[in-house]
Each structure stands twice: as structure tokens, then as C-alpha cells.
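Hi there,

Here is the structure I promised to pass on to you. Have it open while you read, and I'll walk you through what I found.

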Amino acid sequence: MLEALGLHVDAVSTQIVQRDRHAALLTAIAVLGGSLERIATEVRNLQHTEIGEVQEPFKTGQKGSSAMPHKRNPILSERVSGLARLLRGYAHTALEDQPLWHERDISHSSAERVILPDATIVLDYMLVRMTALVEGLVVRSERMRENIERGLGLHASSRVLVALVEKAGLSREEAYAIVQRAALRAADERAPLRDVLALDRTVASGCR
């Protein structure tokens, strides 16, 4: 098994092997699980009905929310997120197993019988599920465009700021005040940022 996994026998050990390496393994597994959870969390957010930019694979006949039939619940992402928490718990247990009494304590043994096989099996399952999720992910580019347009052009505020500095010759402080004022007004009045900026004399005269 050591040869298959590319592992080596401990060069120096007492009656037991130090548990530092076990803790490093479980911590690495937990970190990888957290990386998968990061992807899953983004999918869960973007799959919200009001955002709707990506969706998990949804088979014909598959049921969504039991109370709201219009919803496609991100069940795979939610599952991955939940299991990532479990892996972090296993890593914590592995860290607790590091201190040993007189280099011969076996209090770690009972915990390792659970966390080592479970952590590796759980991580394997998460990788398989996440691979299927990514391969079957539905990307709705048209909805992304709709969301950008619904943003009233506010995402371009930084570019307007740079343009006022470089083309209109304003200081950054002056340009920032103009853009901020226009952006806040656009957001409050639900008006396109471009239209609100066009009403500002400094912008209109400096960026023709």
C-alpha cells in the first residue's frame, strides 16, 4: 500500500509513529474540500432565481423545491458544502491527535479509525460529484448580459473615473466626487449612469 501511494516508511519512530504527518494529510484534505466548497458556494449563489446565471445539471423529471415548483435546488453544491464542513472537523481531530503521552499514547487510534477512511472516501465522493457538476454546468450568458444591463452601467464607474483623470485633466479627488455623486443618484433613481453623467457640466465639457 505504501508503494502504491508513493509513501515511505518513517525513518525514525518510537513505539508509535508521530502524528504530525497524519495531521498534515487531514489538513490538506480539508483545504481541498474547502476549495471545492468555494466553487459550490459560487454556483449556489449564481443559481438563485433572481440571478440565474448558472445552473446545476437538471435531469428530465427531476424535482426541485417541494414547496416552490419553479426552483431548481442546487443539491450537488449544497451537498459538497456540507461535506466540506465534515472534512474540517476531521482535520481538527487530526490536529488534536498530535500530542502524545510519553511517545506511546494510543488515544489517537480510536479517532483515526474513523477520520482517515472517512475523510478519504468523502473527498473522493466530493471530487466525483463536483466533476460531474462542472461538466454539466449550464451557463446562461444571456442572463449574465441582462444582469449587467440591469446594473444601469454602474460597473463602469471606475472606467469613467480614469477617463475623467486622463482625458478631462481632473484630479482623482475631483473625478471621484463627480462619479460617486452620479453613481449614487443613478442607483437611487434607477437611471442609467451614462444619462446622469451627461447632465454634469464638467463631464459633458471635458469628455466630448
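One term before we start: two residues are in contact when they have heavy atoms within 4.5 Å of each other. Please also keep in mind that this is a predicted model.

Let's begin with S81, which lies in helix α3. Setting aside neighbours within four places in sequence, S81 is in contact with E37, A40, T41 and R44. Is S81 buried or exposed? Its relative accessible area is 1%, and buried means under 20%, so S81 counts as buried.

Next, look at how α3 sits against α4. Two packed helices are described by the angle between their axes and the distance between the axes. For α3 and α4 the angle is about 155°, and the axes are 10 Å apart. Angles over 145 degrees count as roughly antiparallel, so that is the word for α3 and α4. Their crossing is left-handed. On the α3 side, the residues making the contact include L76, V80, L83, A84 and L87; on the α4 side, they include A119, V122, M126 and L133.

The largest nonpolar core has 24 residues, and L87 and M126 are the ones with the most contacts inside it. Which helices each supply at least two residues of this core? They are α2 (20-46), α3 (75-96) and α4 (107-135). There is also a second, separate core of 15 residues, with L164, A191, V196 and L197 among them. Returning to M126, its contacts, leaving aside neighbours within four places in sequence, are G33, L36, V80, L83, A84 and L87.

Finally, find E56, in the loop between β1 (54-55) and α3. With a relative accessible area of 4%, E56 is buried, because the cut-off for that word is under 20%. What does E56 touch, not counting residues up to four places away in sequence? The list includes V43, Q47, N73, P74, L133, L137 and V138, and also I75, L76 and S77.

Enjoy exploring, and send me any questions!

Best wishes

Note on methods: Residues numbered from 1 in each chain as written. Predicted model: local features only at pLDDT ≥ 70, side-chain atom pairs only at ≥ 80, totals over all residues. Heavy atoms only, no water. Core = buried A, V, L, I, M, F, W, Y, C linked by side-chain atoms within 4.5 Å. Buried < 20%, exposed > 50% of the residue type's maximum accessible area, 1.4 Å probe, protein only. Helix = DSSP H or I, 4+ residues; strand = E, 2+ residues; numbered from the N terminus. Axes fitted to C-alpha atoms, helices over the stretch in contact; angles between N-to-C directions. Parallel < 35°, antiparallel > 145°, perpendicular 65-115°, else oblique. Left-handed = near helix turned anticlockwise from the far one by under 90°.
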